[in-house]
Amino acid sequence: METLRADRASAGGLLVFQGDAGLGKTALLTETRRIAEEHGCAVWSARGGEILRSVPFNVVRQLLQPALLSLLPEEAREYLGDWYGIAGPALGIAEPGEGHADPQAVCDGLVNAVRRLAGREWPLVLLIDDAHWADEESLRWLAAFAESLDDLSVLLVVTRRSGEVSGESARLLDAVAAAAGVSDLRALSPDATAELTRTALGAHADAPFCREVWAVTGGNPYDAVELLAKVRDSELEPVESRAAELRDLNRSARGGGLVARLEELGIDATRFAWAAAILGTGISVDLVAQLATMSREEAVRCAQLLRAARILTEPDPATARGGDGDLEFVHPLIATAAYHSIPDALRTAMHGIAAQVVAESGRGAAAASRHLLEVHPDDDEELVDQLRQAAREHLAVGAPEAARRCLERALREPPTPEAHPQVLYELGCATLLTKPATTIEHLRLALSMPGLEGEARVDAVRRLSQAQLHNNQLEEAVRTVEAEAARHAPGPTRLKLHAMQYMWEGLHAGETISPRRSERLAELAAGCTGRDSSERALLILRGFDAMARGENAEEVVELCDRALVNGRLAPGLGWTDTEWGVELPLMLASAYAYSDRLDRAEALYNEALRAYETAGWSGGHLALAHAYVGLAHRRRGRLIEAEASLRESLRIAERVGRGLPLYWTATCNLVDTLLARGHVEEAQAVAERYEFAPPYPATIVIPDPRSVRGRLLLATGRTKEGVNELEAAEKAAAVRGHHNPVMVPWAADLSRALAAEDPARAARLAADVRRQAERFGTDTAIGEALRCAAVLETGQRAVRLAAQAVAYLEASPCQYEHAAARVEFGIASRSAAELERGLALAVSCGADGLAAQARGALRSAHGLL
């Protein structure tokens, strides 16, 4: 605590304590609170609950709501800043916006909320008890927050049991533990139990009695405390002659004994305790009275009885968790025992009543949904509607897993035949990015049922094809859209579906799925004027296809320009619009980037970055935006900026998951950028760390990953492997019809690699590169082709070709390639002036390897050693 209080720059800390039930985790946090408050620290606390794990953000709300609700609304907005609209709904202090909140953005918003509030509340101690029972959304926040403590003056103390959870919750808990290491709590020793016994009962407790307390409880601190309380209540003398009675007393202290304790208090008190256990959180006397169907006077009397029996207690007003609860259970073990003591049928019925009570209290369908999940299916149409509304509320605050549980429960009711396909469709929307295989199953079933028609059906087809794409089933995605298009007569809907089909085919890295795809796409686009989003989509797809195939760049740009409205993305095709997704604007920007219109590409990539940051989309979309901003920097020749953007992209992508196309995009561009900088060993390390090697993804990656990996292998001296990889790139490009020598640059590198051992083939490749470059017609493509040709020549012909390469690349926007051409021309012509110019360009680009080459050549040109 002293370290934490030293100054506001003190480093934060994380402590994780693990132990079985009753080993003192809650008591340890209670003592931590006492010490922290004695040292003048602000203390926020929260506790997971066994029956509350389906309540999203339950634990993080307990932590933050008291501090936020103590502020005026405008103060809360000021402290949370841009994160208010993102994290506020999840914390229950702001109304959610329209549509679905991005879960990763909400998680980041919660991390930043604590960071901002920590500065106000310094020094701050956060206590989380029973983290194994925390909801998954809070655990995701906790795992992310644990990583940010190094530069934050906050002490975070977490307790958990081991082996209580599995799946994603277990993974997140393990991530928290890994950030701190875990301290295991152990049972009390006989001596410690004796000390506890004498503290509770008096110094006259004899040794045999104390030893029996330890034997009966196994040294479990909770059991020991409860047993000693029973000893005190029964006025049992703590001497050896009475030690035999301890076992009977222990049986009544917890577990099944709790039922007996409740029965002793009467049926009303038992009913009150059961109702409190059902509510779990926000246990107010009034709500319990409604649920237990008793008057307020009876409820107040029962609460007093249960407090006297150490079953319920009043929370400390200074540490209230932000709800409207007047009561809480003394210990989580008591809450669990009370809940499980309710007869099954009665417990189910009480959950049904609790759902109604919570809904009528104004807390909304989402708050009532955890009770609805426990009700037996009974063909209740109203319950299905409530669960669907709860799912919408969960999605609006960034809790898709909670929405999924509600909709899956709605299916078991079951819904009416009319509502059934709609529920399946909504379930597919909820699981789209988290569980693509499950989404596919639900949406296929929804589409097979009558009742899903019109725009909803087209959207379901779109989402199904997206799920198939994310599940690496690109061919199935194409067939899904193609089959739906065949159901419609010629018109806007069919045109939209065709555009969707060609979009998925345009992303496919393998052989073209539909015969004559490019020709058919060109025919469709030829009649498009850009009057609606479908026509604009087709123009973008045609422009991207033409660019990848290496057709005339001016025509590519003209197609792309026709897809814009006043030079901007049209409504429905924006970066955060969900109708078409991110793929189309990325294709548009990339078509500009490789057609030497980098100004337009950069504007679009930067617009994407701003849009996602403003909207709080901090998952895969933001990772892609950083990756493509990095690509633009790389094309422009700003290699240091490119590296920074691409590393940030990979940092975000790590949270989303490896193996996805966005991960390949960031990795491929980072390796390419590091090679351009001359940092070959670092490029190799990145490739190994991020598994940049076959098998390649089913979707295309820009630039071509085989070409980049072939270049990496050549740079690391693995020439034969590099040649093989570039030849594989040649075959893949031929199958796909991708002949743009800048986007798929295998041929120039292969030509250089073969120059010594197979000069004839190298010359043929260089000639092909030049022919394709001249067909495409950009300064960059032609200049790079001339650079390749110059390497294969000697004498004055090499000098002339190198000079021509410089002339073209000086006019291109790609400054790294211009710098490389200058250096090569300076070497070929032995011109110190050209080498100086090349060196200056290389330094400005951050191309350390090229700069070193220029300096070496300059030393030779000046006759220096």
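This is a predicted model: local features need pLDDT of at least 70, side-chain atom pairs count only at pLDDT 80 or more; totals for chains, interfaces and linings use all residues.
Biologist: Which residues of helix 28 and helix 30 meet?

Modeller: Helix 28 brings Ala 537, Ile 540, Leu 541, Gly 543, Phe 544 and Met 547, while helix 30 brings Leu 584, Met 587, Leu 588, Ser 590 and Ala 591. Sorted by class, this contact has 9 nonpolar residues, 2 polar ones and no charged ones.

Biologist: Why are helix 38 and helix 40 called roughly parallel?

Modeller: The axes of helix 38 (residues 746-754) and helix 40 (residues 779-791) cross at roughly 10 degrees and come within 10 Å. Angles under 35 degrees count as roughly parallel, therefore the term applies to helix 38 and helix 40. Their contact is made by Ala 748, Ser 751 and Arg 752 of helix 38 with Arg 787, Cys 788 and Val 791 of helix 40. That contact divides into 3 nonpolar, 1 polar and 2 charged residues.

Biologist: How do you know whether His 371 is buried or exposed?

Modeller: The relative accessibility of His 371 is 2%. Buried means under 20%, so His 371 counts as buried. His 371 is part of helix 19 (residues 364-372). Not counting residues up to four places away in sequence, His 371 touches Ile 278, Leu 279, His 351, Ala 354, Ala 355 and Val 358.

Biologist: Which residues have the most contacts inside the largest nonpolar core?

Modeller: They are Phe 272, Trp 504 and Tyr 605, in a core of 192 residues. Leaving aside neighbours within four places in sequence, the contacts of Phe 272 include Val 288, Met 294, Ala 299 and Leu 327. A second, separate core has 54 residues, among them Leu 64, Val 111, Ala 146 and Ala 170. In soluble globular proteins, nonpolar side chains tend to be buried together.

Biologist: What is the phi of Phe 57, and why is Phe 57 called buried?

Modeller: Phi of Phe 57 is about 65 degrees, a positive value although Phe 57 is not a glycine. Most residues other than glycine have a negative phi. Phe 57 lies in the loop between strand 2 (42-47) and helix 3 (58-69). Its relative accessibility is 3%, under the 20% limit, so Phe 57 counts as buried.

Biologist: What makes Glu 235 exposed?

Modeller: Glu 235 has a relative accessible area of 68%. Exposed means over 50%, so Glu 235 is exposed. Glu 235 also has a positive phi, near 55 degrees, and is not a glycine. Its place is in the loop between helix 11 (221-234) and helix 12 (246-251).

Biologist: Where are Pro 414 and Pro 703 found?

Modeller: Pro 414 lies in the loop between helix 21 (400-412) and helix 22 (420-430). A cis peptide bond joins Glu 413 to Pro 414, with omega about -5 degrees. Pro 703 is in the loop between helix 35 (680-689) and helix 36 (705-715). The bond from Ile 702 to Pro 703 is cis, with omega near -5 degrees. Most peptide bonds are trans.

Note on methods
Residues are numbered from 1 along each chain as its sequence is written. Side-chain values use heavy atoms; hydrogens and water are left out. Contact means heavy atoms within 4.5 Å. Helices (H or I, at least four residues) and strands (E, at least two) are DSSP runs, numbered from the N terminus. Ala, Val, Leu, Ile, Met, Phe, Trp, Tyr, Cys and Pro count as nonpolar, Asp, Glu, Lys and Arg as charged, and the others, Gly among them, as polar. Buried means under 20% relative accessible area, exposed over 50%, partly exposed in between (1.4 Å probe, protein chains only). Axes are lines fitted to C-alpha atoms, for helices over the stretch in contact, and angles run from 0 to 180 degrees between N-to-C directions. Angles under 35 degrees count as roughly parallel, over 145 as roughly antiparallel, 65 to 115 as roughly perpendicular and the rest as oblique. A nonpolar core is a set of buried Ala, Val, Leu, Ile, Met, Phe, Trp, Tyr and Cys residues joined through side-chain atoms within 4.5 Å.
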